[in-house]
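Hi,

Here is the structure I said I'd pass on. Have a look at it first, and then see my notes below.

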Amino acid sequence: MESMTGQLLVATPTLKDPNFDRTVVLLVAHEQGGALGVVLNRATEVPVAEVLGNWGELAGDPAVLFEGGPVQPESAICLARTRPEVKKRVTGFHPVAGSLGTLDLSADPERLRENVAGIRVFAGYSGWSAGQLEEEIAAGSWFVFDALPGDPFVNRPDDLWAMVLRRQGDILAAVAHFPPDVSLN
């Protein structure tokens, strides 16, 4: 099995699970035992600072919590991007792909400010048991694409689904214009 850690799962129009309709999920772990990711395009209206104090100062625009998925919505996962000039190991940072990784929220945000270019905090996560994700991909529920470093930090997360599809070109770019409800077409 080849790991898909660091890749994007983009819901196909046929995926009708309301938890994942038109979502873009970044896989932060994919191993023999299963997969774990966070939904990148479901912003809430709750400011990060309201829940996590000083962490809000490091959060990118919009500086709100995101719905990471239906599993353990009371837990938090923090994605971070290290600054390009940072070459040393950053305490509490666990790489996912390149400069993108998860960040331990029990650390002091002030001590990380000089090393981190931005964060996103997700309430809950998306999880799959062993083989489940591969079955869903084979059934046509997900497209799998390479992530760009800025994908988790876009200013307009509601546009991410269409944006990722459009940049694929050809027929996949046309899928970005697929109506949410084909019966209304």
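**What I found**

The chain exposes about 9500 Å², and carbon and sulfur atoms supply 52% of that. Bear in mind that this is a predicted model.

On overall shape: a compact globule with 185 residues would have a radius of gyration near 16 Å, and the chain agrees, at 16 Å. Its C-alpha atoms fill a box of roughly 50 × 35 × 30 Å along the principal axes. There are 5 helices and 10 strands, and 43% of the 185 residues count as buried. Of the contacts between residues at least 6 apart in sequence, 66% join residues at least 24 apart.

Now the inside. The largest nonpolar core has 37 residues, and Val10, Leu40, Trp128, Leu133 and Trp142 have the most contacts inside it. Among the elements that each supply at least two residues of this core are β1 (7-11), β9 (116-129), β10 (142-146) and α4 (160-166). There is also a second, separate core of 15 residues, including Trp55, Cys78, Val116 and Ile119.

Trp128 is worth a click. Beyond its neighbours within four places in sequence, Trp128 is in contact with residues including Leu9, Val25, Leu27, Leu133, Glu136 and Trp142.

Then there's Thr12, in the loop between β1 and β2. Is Thr12 buried or exposed? It is buried, because its relative accessible area is 7%, under the 20% cut-off. Setting aside neighbours within four places, Thr12 is in contact with Gly140, Ser141, Trp142 and Phe143.

Last, charges: the chain has 14 positive and 24 negative side chains, with the centres of the two sets 7 Å apart.

Cheers

Terms used
Residues numbered from 1 in each chain as written. Predicted model: local features only at pLDDT ≥ 70, side-chain atom pairs only at ≥ 80, totals over all residues. Heavy atoms only, no water. Core = buried A, V, L, I, M, F, W, Y, C linked by side-chain atoms within 4.5 Å. Buried < 20%, exposed > 50% of the residue type's maximum accessible area, 1.4 Å probe, protein only. Helix = DSSP H or I, 4+ residues; strand = E, 2+ residues; numbered from the N terminus. Contact = heavy atoms within 4.5 Å. Rg over C-alpha atoms; globule rule 2.2 N^0.38 Å. Areas by Shrake-Rupley, 256 points an atom, 1.4 Å probe, with all protein chains shown as cover. Lys, Arg positive; Asp, Glu negative; His and termini not counted. Charge placed at Lys NZ, Arg CZ, Asp CG, Glu CD.
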